[in-house]
Amino acid sequence: MKNDNIKLNLKLAKNQLNLYGYNSFINGLIKIYNENKFPKQLLITGPKGSGKSTSIYHLVNYFLSVNEDHPYDTKNFTINPNNYSYKLLTESIHPNFFLLKNDDDEKSIKIDKTKQLIKFLNKSTYSKSIKIVMIDNAELLNINASNALLKVIEEPDDKTFFLIIQNTESPLLSTIKSRCIEHKVFLNLNDKIQIFKSLYKEYFKENNVNIEFEKTLKQLNHLTPVNLLKILIFLKNNDLDLNINNYDCLKFFLNKYAKDKDSTTLPIILFFIQVFYRDLAIISNNKINKLFY
């Protein structure tokens, strides 16, 4: 990777104006919504970094902006930045939308946040329109929050919809899962490549940052597109070359974590540990048991 002075920042899901790789998913949900068949409790499950939150924010924008100026673009799957609902959602002040998730410094979703949700559900909405509750990182709900949530998702009113996102690395309470219609996100290698190509153009090519593209694509065998993007941005902003020795990369991130305890480096450390042992296994297959020991 070329060392440029440009610093890149990963956009939050709510600020991502373009949606990649979820065209049929969004079209299908829009169709059943317009046919008044949309489930009251929709659970979207898949690996972290596969684009679930971004796709749901785009779906929410379609729901809320359908009668506004600059509504959601269903042909190009883009949000117009002049879209009124987009502005409210990015400022976290839309009266018809509630986001339930853990704070960045919290490892779980606590019951006090669920109580805030209950207050939201008891209020009247702007223009008597629909209410949308998005629950992100639902696997992080603690037991008290989960129990309180059960009471409100069992029998929502006609204009309330729950969109629940679970990262499949951790389980979701079965009592919540059993009350939802589940959609499992699966990205094959070709899906990952197409999504990453679009992300690469948006983040790197348009900022004149160069990476060894074809070599980078091979990492998608082990990573989701967004997680690979996070690693590349992190390496870029720390003036590191993705193509340096995996062992040296691993040492750098281990030392960095030991120094500043930045939890965002942990997935990167895990990735380079996996790559390190994979490479060892390839070149020393006859010593595989000794290597893992």
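**Notebook: helix pairs and a sheet**

I began with two helices and noted that α10 passes α11 in a left-handed crossing. The model I am reading is a predicted one.

**Entry 1: α10 and α11**

I looked up where the two helices run: α10 covers residues 246–260 and α11 covers residues 266–283. Their axes come within 9 Å and cross at roughly 150 degrees. Angles over 145 degrees count as roughly antiparallel, so I put α10 down as roughly antiparallel to α11.

Next I listed the residues that meet. From α10 I have Asn246, Tyr247, Cys249, Leu250, Phe253, Leu254 and Tyr257. On the α11 side I wrote down Leu266, Ile268, Ile269, Phe272, Ile273, Val275, Phe276 and Asp279. Sorted by class, this contact has 13 nonpolar residues, one polar and one charged.

**Entry 2: the sheet**

I then turned to the strands. Five of them form an open sheet, and I read the order as β2-β3-β4-β1-β5, with parallel pairing. Which strands stand at the edges? They are β2 (97–100) and β5 (181–184); each has a single partner strand, so one side of each is left without a neighbour in the sheet. From one strand to the next I found a twist that averages 15 degrees.

β2 pairs with β3 (residues 131–135) in the parallel sense, over four bridges. Within this pair I located Phe98, which stands opposite Val133 in β3.

A helix lies against this part: α4 packs on the sheet and touches β2, β3 and β4 (160–167). I noted about 170 degrees between the direction of α4 and that of β2.

**Entry 3: α4 and α5**

α4 spans residues 111–121, and α5 spans residues 143–153. I have their axes 8 Å apart, with a packing angle of about 15 degrees. Angles under 35 degrees count as roughly parallel, and α4 and α5 are therefore roughly parallel to each other. I recorded the crossing of α4 past α5 as left-handed.

What meets what here? On α4 I listed Ile111, Thr114, Leu117, Ile118 and Leu121. These meet Asn144, Ala145, Ala148, Leu149 and Val152 in α5. I counted eight nonpolar and two polar residues in this contact, and no charged ones.

**Entry 4: the two pairs side by side**

α10 is roughly antiparallel to α11, whereas α4 and α5 are roughly parallel. The contact of α10 with α11 includes one charged residue, while that of α4 with α5 has none.

How values were computed. Residues are numbered from 1 along each chain as its sequence is written. This is a predicted model: local features need pLDDT of at least 70, side-chain atom pairs count only at pLDDT 80 or more; totals for chains, interfaces and linings use all residues. Side-chain values use heavy atoms; hydrogens and water are left out. Axes are lines fitted to C-alpha atoms, for helices over the stretch in contact, and angles run from 0 to 180 degrees between N-to-C directions. Angles under 35 degrees count as roughly parallel, over 145 as roughly antiparallel, 65 to 115 as roughly perpendicular and the rest as oblique. A crossing is left-handed if the near helix is turned anticlockwise from the far one by less than a right angle, and right-handed if clockwise. Contact means heavy atoms within 4.5 Å. Ala, Val, Leu, Ile, Met, Phe, Trp, Tyr, Cys and Pro count as nonpolar, Asp, Glu, Lys and Arg as charged, and the others, Gly among them, as polar. Two strands pair if DSSP finds at least two bridges between them.
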